[in-house]
Amino acid sequence: NDKAVGAALLGIGSFVFAYYSIWTLVIPFVDEDHPARSLFPPQWYAIAVPVFLLAAGITALFGFLSLVMLKSSKK
Amino acid sequence: MTRAHRIATTFTIAAVTWLLGLFGLFPLSETIQSQIWPVLPLFFIVALGSYAFINVGYNLLVFRECPEAFHELMQEIQEAKHDLRAKGVDVA
């Protein structure tokens, strides 16, 4: 079962890296009417999605930390 | 120079380089200056995250179980418990 998790992580990591690299580094040089552009959302999302995920992740991290600290100080 | 010093130095140099490029002090083409350069730090964060995923995933995939070592270890644990019990030590 560990192997399945490992394979999934590997696949997701590779896909995200390849897709995001093309999205941010290659697409800006591609003409507006090229069919490849239809595979990628507008550039705005290339910044909005990672920033949102980062903000949500850090919020969750600090939220978890504060919950743990509150619980341990209540004892 | 400690590892932390090296990381901090590399980071500072990269940050200053990026900020200089942001203010137009490098001769960059129009597309690069407006669309690619500002996004570079975010790109590196995403790249770092996906590198971590790939690393963990790959190592999970190729890690070998070694069942022989596992059985040998369980055997040794049994023997050690036996010996200690014989000597009067209270073991599980």
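In this predicted model, B:Cys66 sits in the loop that joins H3 to helix H4 (67–86) of chain B. The backbone at B:Cys66 has a positive phi of about 50°, although the residue is not a glycine. Most residues other than glycine have a negative phi. With a relative accessible area of 37%, B:Cys66 is partly exposed, because partly exposed covers the range between the buried limit of 20% and the exposed limit of 50%.

Chain B is built with 4 helices and 0 strands, and its pattern along the sequence reads α-α-α-α. The radius of gyration of chain B is 27 Å, whereas the globule rule gives 12 Å for 92 residues; the value is well over the rule, so chain B is more spread out than a compact globule. The extents of the C-alpha trace of chain B along its principal axes are about 80 × 30 × 20 Å. Of the 92 residues in chain B, 12% count as buried.

B:Ser50 is placed in helix H3 (residues 40–62) of chain B. What does B:Ser50 touch, not counting residues up to four places away in sequence? The contacts of B:Ser50 under that condition are A:Gly13, A:Val16 and A:Phe17, and these names lead across to chain A.

A:Val16 belongs to helix H1 of chain A. Not counting residues up to four places away in sequence, A:Val16 touches B:Val46 as well as B:Ser50.

In total, 24 residues of chain A are in contact with 20 residues of chain B. The size of an interface is often given as the accessible area lost when the parts come together. For chain A and chain B the buried area is about 1,900 Å², and carbon and sulfur atoms give 83% of that area. Helix H1 (2–26) and helix H2 (43–74) of chain A each supply at least two residues of the side of chain A that touches chain B. The largest share of that side, 16 residues, comes from H1(A). By residue class, the side of chain A that touches chain B divides into 16 nonpolar, 6 polar and 2 charged residues.

Which polar terms are counted between chain A and chain B? The count is 0 salt bridges and 1 residue pair in polar contact, with both residues at pLDDT 80 or more. Over all chains the salt-bridge count comes to 1. A salt bridge is formed by A:Arg37 with A:Glu32, where the closest N and O atoms are 3.5 Å apart; this pair qualifies because the cut-off is 4 Å. A:Glu32 counts as exposed, at 64% relative accessibility.

Notes. Residues numbered from 1 in each chain as written. Chains lettered and ligands numbered in written order. Predicted model: local features only at pLDDT ≥ 70, side-chain atom pairs only at ≥ 80, totals over all residues. Heavy atoms only, no water. Contact = heavy atoms within 4.5 Å. Buried area = accessible area lost by both parts, 1.4 Å probe. Salt bridge = Lys/Arg side-chain N within 4 Å of Asp/Glu carboxyl O. Polar contact = N/O pair within 3.5 Å; in protein donor to acceptor, adjacent residues only side chain to side chain. Nonpolar A, V, L, I, M, F, W, Y, C, P; charged D, E, K, R; others polar. Rg over C-alpha atoms; globule rule 2.2 N^0.38 Å. Buried < 20%, exposed > 50% of the residue type's maximum accessible area, 1.4 Å probe, protein only.
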